[in-house]
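Please look over the sequence and the structure shown below.

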Amino acid sequence: MSSVAVLTQESFAEHRSGLVPQQIKVATLNSEEESDPPTYKDAFPPLPEKSACLENAQEPAGAWSNKIRPIKASVITQVFHVPLEERKYKDMNQFGEGEQAKICLEIMQRTGAHLELSLAKDQGLSIMVSGKLDAVMKARKDIVARLQTQASATVAIPKEHHRFVIGKNGEKLQDLELKTATKIQIPRPDDASNQIRITGTKEGIEKARHEVLLISAEQDKRAVERLEVEKAFHPFIAGPYNRLVGEIMQETGTRINIPPPSVNRTEIVFTGEKEQLAQAVARIKKIYEEKKKKTTTIAVEVKKSQHKYVIGPKGNSLQEILERTGVSVEIPPSDSISETVILRGEPEKLGQALTEVYAKANSFTVSSVSAPSWLHRFIIGKKGQNLAKITQQMPKKIVAHCVTVSTVS
């Protein structure tokens, strides 16, 4: 059963006598409010002005109100590939141990980067490097120098430009060597030679040579002009085996620097006397405009493992296709997972070029032989002698044959 408390005058006075002064004041106000009905303004107070809201919004709300800057990751990861033909140590019996493992350990200790090695199906080497940017770049340079076979090339620039390649306290040269993973040797000041020697991989040499020529062009007293040309049309301007651009340079006396395929730049740099330079620029522009009007593209899928056969040694297969058909073949970078090959040229020539691409892609075969792991060292032989003997016994018509030995449980 519910009960209801009745408040009488006596009980109210008794209750009020037990309140603190502040509570008595509030009670008094409440009683006054009950006697006087509220006005419209009291019942519905006006909204604050817009400026007041903005002022309040702009006031700091404490330590967390400060803008927080995004934190960039300090650790990066890059993967480098060393093809079988460019590997210094090819002994399959000692993969992950021996001299190759010792060198990797030394690189990690010296640079502070972390290295992980894996072997691809085509026996190429994949190296994953993790660490801070500076450590990764240093490790990459050491990997190229110590685990990959080296090539060398020379580039001639005026002797007075050599100091600009070196930079203050050699900083420019060191930075260039790190970015391209090459070794750049500049003649001593008392040496009359203007030849700069670059040692490294083919791709690294191309990048370093391009950068050295750009530095020289910036310091040249003759006229310098840069022309933006879409990367896809660079092969048409260079021509098969760079013969077309070579002819233009010879006829105009202008130095023309086209970025190599491995360098992601679009500008072509011209250096020379103003009148001859203008002629060279006009000829390049004409080639570019004509090719943009006449060419079209098709995309085809080619297995990633077959791309290197389409490219050919030193890119010769691509140059052969360009020379015979006038069609440029674009191959995805080696570190890309894409299998799409793009052909660009005049419509009537694309069919012939496509046939040649497939012919080159299928000119090599890869076979797998399964065998128990304990047999691997006998198949390979001491220092790979057995595999070498098998390869030598193949008919000359067979260009290459890759045997992958996998483990059978």
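Glu-330 sits in strand 11, which covers residues 328-330; strands here are DSSP runs of E with at least two residues, helices are runs of H or I with at least four, and both are numbered from the N terminus. This is a predicted model, in which local features need pLDDT of at least 70 and side-chain atom pairs count only at pLDDT 80 or more, while totals for chains, interfaces and linings use all residues. Residues are numbered from 1 along each chain as its sequence is written, and side-chain values use heavy atoms, with hydrogens and water left out.

With 23% relative accessibility, Glu-330 counts as partly exposed, because that class lies between buried (under 20% relative accessible area) and exposed (over 50%), taken with a 1.4 Å probe and protein chains only. Setting aside neighbours within four places in sequence, Glu-330 is in contact with Ala-232, Thr-340, Val-341, Ile-342 and Arg-344, where contact means heavy atoms within 4.5 Å. Val-341 is eleven residues from Glu-330 in sequence, and their C-alpha atoms are 5.9 Å apart. The side chains of Glu-330 and Arg-344 make a polar contact of 3.1 Å. A polar contact is a pair of N or O atoms within 3.5 Å; within protein, one must be able to donate a hydrogen and the other to accept it, and residues adjacent in sequence count only if both atoms are side-chain atoms.

Asp-142 belongs to helix 6, residues 133-147. Is Asp-142 buried or exposed? At 13% relative accessibility, Asp-142 is buried. Its side chain joins that of Arg-110 in a polar contact of 2.7 Å. Not counting residues up to four places away in sequence, Asp-142 touches Ile-107, Arg-110, Thr-111 and Leu-147.

Next come the salt bridges. Side chains of opposite charge can pair when their charged atoms come close. The structure holds 19 salt bridges, each defined by a side-chain nitrogen of Lys or Arg within 4 Å of a carboxyl oxygen of Asp or Glu. In one of them, the side chains of Lys-179 and Asp-175 meet at 3.3 Å, N to O. These two residues are four apart in helix 8 (residues 171-180), so about one helical turn separates them. Lys-179 is exposed at 51% relative accessibility, whereas Asp-175 is partly exposed at 36%.

Glu-218 forms a salt bridge with Arg-226, with 3.8 Å between the closest N and O atoms. Glu-218 is exposed, with a relative accessible area of 51%, and Arg-226 is partly exposed at 38%.

A further salt bridge joins the side chains of Glu-323 and Arg-243 at 2.2 Å, N to O. Glu-323 lies in helix 14 (residues 316-325) and Arg-243 in helix 11 (residues 243-252), so the pair ties together parts that are 80 residues apart in sequence. Glu-323 is partly exposed at 40% relative accessibility, and Arg-243 is partly exposed at 41%. Elsewhere, salt bridges link Glu-320, Arg-324, Glu-356 and Lys-360 in a network.

The totals complete the account. The protein has 17 helices and 14 strands. Of its 409 residues, 31% are buried. Among contacts between residues at least 6 apart in sequence, 70% join residues at least 24 apart. The protein exposes about 27,100 Å², of which carbon and sulfur atoms supply 54%; accessible areas come from the Shrake-Rupley method with a 1.4 Å probe, and for residues only the protein chains shown count as cover.
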